[in-house]
Amino acid sequence: MSEFRDKQAHPEQAKPERRPRPLVDLVISIVIPSLVLMKLSGEDRLGADGALLLALAFPLGWGVFERIRHRTFNWIAVLGLVSVLLTGGIGLLQLDPEWLAIKEAAIPGIIGVAVLASTRTRFPLIRTLLYNPNVLNVEKVHEQLIRHGQVEHFETRLLRATYWLSATFFFSSFMNYVLAKWIVRSPAGSEAFNAELGRMTLLSYPMIAIPSMVMMMGIFYYLWRTIHGLTGLRLEDILANQRQER
C-alpha cells in the first residue's frame, strides 16, 4: 500500500523504465515489414501501395509508441523515423530507385559526419552514444582520472574512439548504398520494388547491423580497457547499473 501511495504522490516515478528488447525491435521493425512487402504486394492482396503503407506502419507506429510510453527524446530514433517516411515517399511517388540508395546511405552518413564534426566542439557525440551516465558511471570514472592525473590522456583516447565511432557509421552508409543498388532495381511503386525492398531490409541486418554492432562493441571494449589502464577500475565498478544498485 505504501508503494502505491508513493507512486500516487510522485507520478513521474511511475513512468515505465525503458529496457532493451532487441528481439522485439527486430521483429517489429524488420521481420514483419519485410514479410508484408514480399508476401502482400500482389494485386490480388493489398497491392504495392497498400503493402508499402502497412509495412511502414510497423516501425513508424512502434517508434511513436516508444516515444509516448517512455517520454524520452532520441535523435537517432527520430532519424530512423525520417528514414521510414522517406522510404514511403520514394515508393508512393514512384521516384527513381537511385533515390532509395541515396537515402539509405544518407542517414548513417549524416550521423557519421555529425560525430566527426563534434570533435571540434566541447561536446563530442561519443559522450552521448557510448560514454554517458546511462551506460557508464561517468562521475566515478572522472573522479579517478583526476586522482591519477590522467584526464588529458583519457581525452586523447576518447578522441580516438570518436574517430572510430564515426567510421562505423561511414561503413554503414557505404554498405547501405551498395546493398540498395545491388538488390533494388525495379521501378518504385511496383510489386517487384516492394519485394526487393523487403529482401534488402532482411539482408541489412546480417550484412550491416551486426557488423556495425560488433564495431561498437570493439569501441566500448577499447574505452573500458583505457579506463581500466588509467584508473585501475574494473568493469563492474564503472557500469551504470551497478551504480544504481548500490
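Modeller: The protein chain has 11 helices and zero strands, where helices are DSSP runs of H or I with at least four residues, strands are E runs of at least two, and numbering goes from the N terminus. This is a predicted model, in which local features need pLDDT of at least 70, side-chain atom pairs count only at pLDDT 80 or more, and totals for chains, interfaces and linings use all residues. Residues are numbered from 1 along each chain as its sequence is written, and side-chain values use heavy atoms, with hydrogens and water left out.

Colleague: Thanks! How much of the protein chain is buried?

Modeller: Buried residues account for 39% of the 246 residues. Buried means under 20% relative accessible area, exposed over 50%, and partly exposed in between, with a 1.4 Å probe and protein chains only.

Colleague: Now helix 5 and helix 8: at what angle do they pack?

Modeller: Helix 5 (residues 98-117) and helix 8 (residues 151-183) pack at about 180°, with axes 8 Å apart. The axes are lines fitted to C-alpha atoms, for helices over the stretch in contact, and angles run from 0 to 180 degrees between N-to-C directions. That makes the two helices roughly antiparallel, a label for angles over 145 degrees, while under 35 is roughly parallel, 65 to 115 roughly perpendicular and the rest oblique.

Colleague: And which residues of helix 5 and helix 8 meet?

Modeller: From helix 5, they include A101, A105, P108 and G112, and from helix 8, they include F169, S172 and N176. Contact here means heavy atoms within 4.5 Å.

Colleague: Where does helix 5 bend?

Modeller: Helix 5 bends by about 30° at A106, and a proline, P108, follows within four residues. The bend is the angle between axes fitted to the seven residues ending at a residue and the seven starting there. P108 is also among the buried residues of helix 5.

Colleague: Back to S172: is that residue buried or exposed?

Modeller: S172 is buried, with a relative accessible area of 12%. Not counting residues up to four places away in sequence, S172 touches P108, I208 and S212.

Colleague: Changing topic, where is A188?

Modeller: A188 lies in the loop between helix 8 and helix 9 (191-231). A188 is buried too, at a relative accessible area of 8%.

Colleague: What does A188 contact, leaving aside neighbours within four places in sequence?

Modeller: A188 is in contact with I90, G91, Q94, L95, P97 and F193. A188 and I90 are 98 residues apart in sequence, yet 6.8 Å apart in space, C-alpha to C-alpha.
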